Amino acid sequence: MRKMSKGARQITFWWAVTTVLGVVLVIYAHRLLPGMLPVGASPLARSQDFTLGLFTALAVPVAMLVWVVTAHTIITARTKELPTEEGPPIHGNSLVQSLWLGLSSALCIGLVVYGLALLPDVYTPRPGKQLVVDVTGQQWQWTFSYPGYGNVTSTTLMLPVNQAVTFRVTSMDVTHSFWVPALGVKIDANDHEITTAYVRPDVLGTYTVRCAELCGLYHAYMQAPAKVVTPATFQSWVHTQRRIPA
Ligand SMILES: [Cu+2]
């Protein structure tokens with residue numbers, strides 16, 4: 001192999017340094033920037049966070065190569081005056097070209113296959129007896145009703161921890177999108193149609209239901225609390241709600 005030029009050595013050095021720094025930043029982003037990603041309160045949400053981190057980490061070396069080459073060119077190939085003649089012609093480097101093409105194709109195809117393999121997870125019910133929650137979006141609020149409990153209806157999404165949940169989602173007007181970032185659940189809410197989503201929350205806490213489809217003036221305020229509680233708390237909540245006539 002030919003000896004690397006000074007420029008190529010400098011680029012390789014800075015590429016390696018910035019890539020390591022970038023990957024470390026991706027791995028520790030959760031701790032450095034708390035709140036950047038939602039809490040992973042279900043296995044589904046944590047798997048999505050991992051996928052997001054993996055894709056970002058694998059994009060780092062590609063982005064750094066482009067930026068380091070750009071920066072290196074700007075710094076080293078500057079002239080004070082306007083050049084009076086054209087620079088020497090550039091010929092292709094077949095090693096660099098085949099590596100670039102081969103590695104980036106392998107990266108893209110690999111990630112597509114990985115993504116497709118994980119996709120059915122989103123559309124598959126979690127094992128076990130399902131708690132069905134009917135979710136209705138309307139301009140501009142969410143309502144949740146529980147057909148297994150005499151259609152108790154609430155504007156707070158209550159879920160018992162470690163319980164398999166089936167959401168049946170619909171809309172009374174325009175298209176909304178039922179999104180619970182902490183649970184990794186996001187599905188369109190369409191008029192005259194029922195879409196389904198599945199989750200098994202496994203971390204107690206209070207999270208937020210949002211609308212993820214621009215649906216009008218108060219879209220940004222179309223939020224509802226989502227509480228993951230103990231089964232006992234859920235049972236007593238359901239019984240209190242049943243005593244209140246709708
Ligand atoms: Cu909406």
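Read along the sequence, the protein chain has the order α-α-α-β-β-β-β-β-β-β-β-β-β-α, that is, four helices and ten strands. Helices (H or I, at least four residues) and strands (E, at least two) are DSSP runs, numbered from the N terminus. The structure is a predicted model, in which local features need pLDDT of at least 70, side-chain atom pairs count only at pLDDT 80 or more, and totals for chains, interfaces and linings use all residues. Residues are numbered from 1 along each chain as its sequence is written.

The C-alpha atoms of the protein chain fill a box of roughly 85 × 35 × 30 Å along the principal axes. The radius of gyration of the protein chain is 26 Å, whereas a compact globule of 246 residues would have a value near 18 Å. This radius is taken over C-alpha atoms, and the globule rule is 2.2 Å times the number of residues to the power 0.38. Of the 246 residues in the protein chain, 19% are buried. A residue is buried if 20 or more other C-beta atoms lie within 10 Å of its own, exposed if 12 or fewer, and partly exposed in between, with C-beta atoms placed from the backbone. Among contacts between residues at least 6 apart in sequence, 72% join residues at least 24 apart; two residues are in contact if their C-beta atoms, placed from the backbone, lie within 7 Å.

Helix α3 comprises 25 residues (residues 94-118) and should span 36 Å at 1.5 Å a residue, which agrees with the 36 Å between its end C-alpha atoms. The expected span is 1.5 Å times one less than the number of residues in the helix. Helix α3 is hardly covered, the count of buried residues among its 25 residues being zero.

The protein chain is assigned domain 1 (6-76 + 103-123) and domain 2 (131-243), with bounds that come from an automatic or database domain assignment. Over C-alpha atoms, the centres of domain 1 and domain 2 are separated by 33 Å. Eight residues of domain 1 are in contact with twelve residues of domain 2. On the side of domain 1 that touches domain 2, six residues are nonpolar, two are polar and none is charged. Here Ala, Val, Leu, Ile, Met, Phe, Trp, Tyr, Cys and Pro count as nonpolar, Asp, Glu, Lys and Arg as charged, and the others, Gly among them, as polar.

The largest nonpolar core has 32 residues, and those with the most contacts inside it are Val135, Phe167, Phe178, Val180 and Leu183. Both domain 1 and domain 2 give residues to this core, so it lies between them. Such a core is a set of buried Ala, Val, Leu, Ile, Met, Phe, Trp, Tyr and Cys residues joined through C-beta atoms within 7 Å. Not counting residues up to four places away in sequence, Phe167 touches Val133, Val135, Phe178, Val185, Thr196 and Ala197.

Gln139 and Trp140 are joined by a cis peptide bond with omega of about 0°, and Trp140 lies in the loop between β1 (131-138) and β2 (141-146). Gln141, in strand β2, is partly exposed, with 15 C-beta neighbours inside 10 Å. Beyond residues up to four places away in sequence, Gln141 touches Thr155 and Met222. Asn151, in the loop between β2 and β3 (152-154), has a positive phi near 55° and is exposed, with 11 C-beta neighbours inside 10 Å. His192, in the loop between β7 (185-189) and β8 (195-199), has a positive phi of about 60° although it is not a glycine; His192 is exposed, with 7 other C-beta atoms within 10 Å.
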